Amino acid sequence: MEKTSTDVLPFTMNSSGKQETVCIFGTGDFGRSLSFKMLQCGYSIVFGSRNPRMSTLLPNGAEVLSYSEAAQKSDIIIVATHREHYDFLTELTEVLNGKILVDVSNNLKINQYSESNAEYLAQLVPGAHVVKAFNTISAWALQSGALDASRQVFVCGNDNKAKQRVMDIVRTLGLTPLDQGSLIAANEIENYPLQLFPMWRFPLYLSAGLCAFFFLYCVIREVIYPYVYGKQDETFRLAISIPNRVFPIAALTLLALVYLPGIIAAILQLYRGTKYRRFPDWLDQWMLCRKQLGLVALGFAFLHVLYTLVIPIRYYVRWRLRNKTITQVITNKDDQFSTSSAWLSDSYVALGILGFFLFVLLGITSLPSVSNMVNWREFRFVQSKLGYLTLILCTAHTLVYGGKKFLSPTILRWCLPSAYVLALIIPCTVLVIKFILIMPCIDKTLTRIRQGWERNSKTSSALNGKADI
Amino acid sequence: MEKTSTDVLPFTMNSSGKQETVCIFGTGDFGRSLSFKMLQCGYSIVFGSRNPRMSTLLPNGAEVLSYSEAAQKSDIIIVATHREHYDFLTELTEVLNGKILVDVSNNLKINQYSESNAEYLAQLVPGAHVVKAFNTISAWALQSGALDASRQVFVCGNDNKAKQRVMDIVRTLGLTPLDQGSLIAANEIENYPLQLFPMWRFPLYLSAGLCAFFFLYCVIREVIYPYVYGKQDETFRLAISIPNRVFPIAALTLLALVYLPGIIAAILQLYRGTKYRRFPDWLDQWMLCRKQLGLVALGFAFLHVLYTLVIPIRYYVRWRLRNKTITQVITNKDDQFSTSSAWLSDSYVALGILGFFLFVLLGITSLPSVSNMVNWREFRFVQSKLGYLTLILCTAHTLVYGGKKFLSPTILRWCLPSAYVLALIIPCTVLVIKFILIMPCIDKTLTRIRQGWERNSKTSSALNGKADI
Amino acid sequence: MEKTSTDVLPFTMNSSGKQETVCIFGTGDFGRSLSFKMLQCGYSIVFGSRNPRMSTLLPNGAEVLSYSEAAQKSDIIIVATHREHYDFLTELTEVLNGKILVDVSNNLKINQYSESNAEYLAQLVPGAHVVKAFNTISAWALQSGALDASRQVFVCGNDNKAKQRVMDIVRTLGLTPLDQGSLIAANEIENYPLQLFPMWRFPLYLSAGLCAFFFLYCVIREVIYPYVYGKQDETFRLAISIPNRVFPIAALTLLALVYLPGIIAAILQLYRGTKYRRFPDWLDQWMLCRKQLGLVALGFAFLHVLYTLVIPIRYYVRWRLRNKTITQVITNKDDQFSTSSAWLSDSYVALGILGFFLFVLLGITSLPSVSNMVNWREFRFVQSKLGYLTLILCTAHTLVYGGKKFLSPTILRWCLPSAYVLALIIPCTVLVIKFILIMPCIDKTLTRIRQGWERNSKTSSALNGKADI
């Protein structure tokens with residue numbers, strides 16, 4: 001009977017008229033910001049401090065006591081001091097016994113210590129229930145209410161009841177708790193705020209490499225070559241002309257690289273005759289950063305569009321067009337209108353616009369709030385069907401751009417073809433293989449494999465795979 | 001006393017230090033993915049399987065037993081098998097009595113069976129509390145954590161307590177439960193993942209129809225007519241010139257159709273003298289897809305902008321401009337600068353840019369995460385005031401584009417006026433009626449009707465309408 | 001014992017098989033819409049009405065009784081009548097004793113009454129637990145499910161248990177409750193739906209002022225000056241040329257104003273030698289609307305881009321280019337290609353494009369759903385590092401635009417320099433000061449101050465600041 005009533009206690013307290021008291025150890029910025037917010041949301045706060053009388057800037061209504069006095073006032077204690085000063089807690093083990101200790105600390109470097117701060121705290125005060133929380137929240141944002149950055153509070157701990165109570169507090173403060181499981185997860189949670197776009201690293205490095213290579217390639221063909229052979233100063237091309245060759249190439253290649261891992265996975269499954277074997281790690285990694293690859297590609301496509309649209313206001317282009325007109329007037333040569341040139345120029349541009357339009361659509365649907373509104377079938381329709389259509393349009397745009405002179409030897413300079421020819425290799429490969437994969441005979445096998453069928457398997461397992469979802 | 005303690009049990013268990021055990025029937029993809037996620041979040045898992053010893057690929061820490069043994073270990077059982085194999089459950093009715101059965105299944109087609117899978121399950125095992133949940137979540141997304149698509153889990157069931165417990169699990173997994181009421185809703189929930197943009201269907205069909213009509217119309221006027229009368233080959237216009245007539249027309253018409261139902265509704269209310277009668281169904285449907293209509297219109301406007309901005313880099317345009325210059329040089333005719341032409345050209349362009357800018361703003365505020373941040377008054381201000389301003393600017397843009405030659409008979413070809421003249425009909429109608437509706441005398445009546453006043457009503461009802469919110 | 005069982009009652013009821021009954025006073029639009037939604041979500045509804053038999057349009061399944069009869073059926077009563085009619089509640093004080101009264105009302109004007117409606121209600125029925133909720137939700141949106149506008153329900157109340165139960169209802173309806181603390185917050189909550197973009201007001205007024213000033217300035221230099229001295233009619237410049245000077249100036253100035261307050265704050269902290277003194281109010285206000293300032297700047301930058309890209313399709317520009325060619329043909333002057341002009345023109349354009357691209361990136365990351373996905377370090381990286389890079393690129397764009405003629409006296413008209421020269425003042429100042437602030441010696445002091453160090457402080461306080469988070 002006694003035990004049950006203790007179990008129910010947290011809920012009873014929470015829902016009784018009386019305010020719940022939370023104790024905060026440490027009167028630094030974060031402790032104070034948190035206390036402001038908690039006071040606002042109806043908690044009563046008591047601070048534990050080394051020098052209760054020296055503490056300043058604390059919010060009205062908060063009490064400041066010595067550590068042990070403060071700890072006795074509440075069964076939830078938020079430890080808002082740096083890990084280096086945790087040792088003072090060893091003197092309080094008795095009073096902290098059975099209490100909930102919330103570790104809110106962060107480190108300065110990823111994996112700075114061998115164990116996470118929260119696990120260290122749990123070792124120091126073995127009798128307490130340690131819960132990791134709040135470390136992703138900024139003190140400034142808490143106090144100003146300007147929670148533009150994440151409202152997500154990752155919570156972990158070995159004691160479910162303690163975790164639940166901390167998550168209740170998180171919710172009451174208007175934040176979103178995310179249960180990450182047991183205290184082992186604390187290490188990951190502590191590393192999280194120190195990360196800088198980990199999923200974006202590979203796509204960004206890759207695209208930087210691609211850009212550097214193609215930039216150099218174009219410089220050789222379009223700046224160094226004419227200088228060597230004609231002593232022409234074409235350096236001004238570095239600012240717009242060459243970037244406007246590099247960016248579309250990067251965009252198209254990266255877009256193709258979004259769809260390449262899916263094709264490799266399909267080939268692997270066909271080859272193995274089963275879907276029940278793990279893909280190699282690099283393929284898994286690649287598949288997980290497809291969204292980022294696609295968005296980087298969209299960035300390059302956007303730049304390509306802007307670089308293309310400013311063409312007519314460039315000095316060089318205006319000068320060239322003027323010169324062409326003047327030459328024509330002087331030589332009195334007739335400028336016959338060529339319908340095929342008009343078709344080529346217009347369809348190249350139209351394909352590019354439609355491809356870019358679909359690309360922007362794909363980008364918008366990958367916004368978290370939009371993708372949260374669609375169901376799985378819709379998401380796959382957009383990202384797969386529309387995505388392939390985008391790839392087809394953009395590849396066609398590049399092919400038509402080449403037009404007649406596509407592989408003619410006259411465009412070779414030092415045996416180097418135009419850069420866009422290289423850019424077509426990966427997209428065309430992807431499209432050709434995809435085309436083969438969707439041919440009925442192969443597609444049927446693949447679908448069966450993906451539904452759980454295995455080429456070399458005992459009946460029972462196949463049955464099992466078919467019966468269950 | 002006994003009963004109360006049973007009632008409290010779920011909460012006690014949930015918040016006690018002990019892990020809650022969940023049973024999963026079926027070891028297919030979805031069952032396994034769900035078990036991975038649940039193990040991560042601190043549940044303990046026991047699988048029920050036909051051949052416990054044959055089951056492979058199961059996560060570490062999960063136990064595999066026969067169905068009846070597994071069912072005894074937990075009072076929540078997730079049924080992760082296809083509906084076609086539900087009959088095995090009939091043998092387990094005794095052990096399943098009083099337990100919570102979670103139906104996670106989906107069908108292959110909308111309304112495939114006469115009753116929903118969850119209701120069928122409830123008939124098979126009448127003693128169990130059936131809850132529908134998790135069917136909108138993808139197995140792959142669950143396991144990879146890449147929940148780009150919906151995090152929303154629709155939950156329904158006849159037993160509130162059972163539903164609540166399932167919703168607790170959903171929350172613990174970091175997903176968002178949405179209570180959809182009793183088990184009757186299961187049918188709708190099962191159809192949901194099979195839908196493909198149902199709200200977008202009408203706007204897309206409508207715009208496809210509009211585009212087809214205007215495309216044909218323009219082809220007749222601009223390709224067939226010159227061919228018939230002058231044997232000119234103008235087919236190259238199909239790629240850019242004609243789409244760039246069709247897209248703005250579609251954009252303007254669709255934008256006007258966003259505001260037309262509101263006007264029809266206002267006229268209906270004025271005519272009926274009350275707001276307490278339902279609108280016809282087609283009007284309700286139309287009003288609910290206004291957002292989609294507007295976004296499709298924005299897509300066309302975006303395409304129109306791109307098609308317009310590439311004009312100066314088109315071969316045809318460059319050729320025409322060059323020819324014009326050459327002709328002028330040769331004929332030595334003076335090209336006088338016309339201030340009125342400059343005004344017309346500039347104001348037409350400026351109106352278009354401003355209209356498009358506001359249109360993009362409207363589009364951004366309709367993003368779910370943005371519209372969630374504004375209050376109702378702000379949302380209405382943007383969508384109504386800014387929306388009408390956009391419509392006015394875009395209509396003015398089209399009117400000024402026509403300029404002096406607007407209705408001059410010289411632009412008729414085969415008695416067909418320019419396409420943009422047709423495009424103006426709906427927007428101008430909408431704007432004129434709206435202008436009449438906001439005139440003080442009419443606006444006052446309308447406002448009174450919308451506040452609950454009725455033209456032909458007994459006093460009491462009117463009073464009632466006024467007193468309550 | 002008796003008390004405990006009452007305390008547990010809400011949870012028991014909620015989780016028992018029986019439906020929870022909610023009472024709604026008032027059968028107006030909002031009451032009815034709410035009842036529809038609640039019936040859908042499994043509640044049973046009883047209406048309280050003055051004339052139970054006169055009430056029409058109520059949903060099937062809802063009972064209508066007199067006020068006192070209805071109140072006895074439930075312990076949660078939603079008061080859906082206007083504040084002016086609250087007095088009928090005074091007759092029901094006895095039956096309402098101990099019940100939860102939910103105030104959903106709104107006013108027509110901000111601070112219409114001296115106390116909030118909810119506090120007024122609490123005074124009228126002192127025995128009831130008043131909770132403010134649902135006032136931000138629109139009746140129409142509730143019923144149609146088209147909750148495009150906010151799903152957030154602000155909740156406040158003095159009784160935690162009552163508040164918790166209302167928040168449970170909010171969650172069950174699929175809405176998001178936000179606990180705002182005690183009933184004092186009701187005033188703010190009631191004002192919220194009446195606000196119209198309060199955070200945007202200052203940025204919009206400021207930019208309107210900026211635009212007006214620079215528009216006038218440009219009109220004087222480019223329309224009035226040529227008219228006075230050359231009788232030239234340059235009024236057509238009002239439509240595009242002059243806006244395309246004003247918009248980039250506004251964009252650049254506003255972007256600089258986003259970063260100015262941070263710099264002022266740093267100087268203040270350096271001067272005071274501590275971070276523990278509040279900034280003046282105007283600085284706090286300024287810092288809180290930086291996001292809005294930045295987005296308005298992005299709007300102007302977007303307009304500038306569009307206005308620039310349409311340059312080649314303007315009548316005036318085509319006429320000027322044609323004239324230039326013709327003059328050149330006639331005078332037979334050689335038009336030498338100038339590499340430096342090409343460099344200047346191209347790099348000016350390229351800087352502008354890159355600046356705009358980063359600016360758009362900043363805008364996208366400030367979307368709520370995107371900024372919710374990044375951690376605090378990533379958010380600061382984007383908004384600070386990328387933000388300064390954007391400012392540098394845009395300032396460089398303007399500087400290169402000026403090119404050689406930057407401060408040459410020939411561009412003065414009536415002693416007025418070109419408008420863009422004025423536009424450079426604030427951005428250059430910000431960049432220069434920022435450059436000084438990041439020099440190692442100053443940066444080190446600033447970092448120490450921001451970590452809690454104080455120039456003139458007793459040791460203990462400094463220690464305190466260092467030990468706690």
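Visitor: On what basis are residues and chains labelled, and which residues count?

Guide: Residues are numbered from 1 along each chain as its sequence is written, and chains are lettered from A in the order in which they are written. In this predicted model, local features need pLDDT of at least 70, side-chain atom pairs count only at pLDDT 80 or more, and side-chain values use heavy atoms, without hydrogens and water.

Visitor: How are H9(B) and H10(B) oriented to each other?

Guide: The axes (lines fitted to C-alpha atoms over the stretch in contact, with angles from 0 to 180 degrees between N-to-C directions) of helix H9 (residues 198-230) and helix H10 (residues 243-272) of chain B come within 9 Å and cross at roughly 140°. Angles under 35 degrees count as roughly parallel, over 145 as roughly antiparallel, 65 to 115 as roughly perpendicular and the rest as oblique. H9(B) is therefore, relative to H10(B), oblique.

Visitor: Which class describes the ring pair of Phe25(A) and Phe88(A)?

Guide: Rings pair if their centres lie within 6.5 Å; planes under 30 degrees apart are stacked, over 60 edge-to-face and the rest tilted. Here the centres are 5.9 Å apart and the planes at 50°, so the pair is tilted.

Visitor: Is Phe88(A) buried or exposed?

Guide: Buried means under 20% relative accessible area, exposed over 50% and partly exposed in between, with a 1.4 Å probe and protein chains only. Phe88(A) has 16% relative accessibility and therefore counts as buried.

Visitor: Which class describes the pair of Phe213(C) and Phe214(C)?

Guide: Phe213(C) is partly exposed at 46%, whereas Phe214(C) is buried at 7%. Their ring centres lie 5.1 Å apart with planes at 75°, so the pair is edge-to-face.

How values were computed. Helices (H or I, at least four residues) and strands (E, at least two) are DSSP runs, numbered from the N terminus. Rings of Phe, Tyr and Trp (its six-membered ring) pair if their centres lie within 6.5 Å; planes under 30 degrees apart count as stacked, over 60 as edge-to-face and the rest as tilted.
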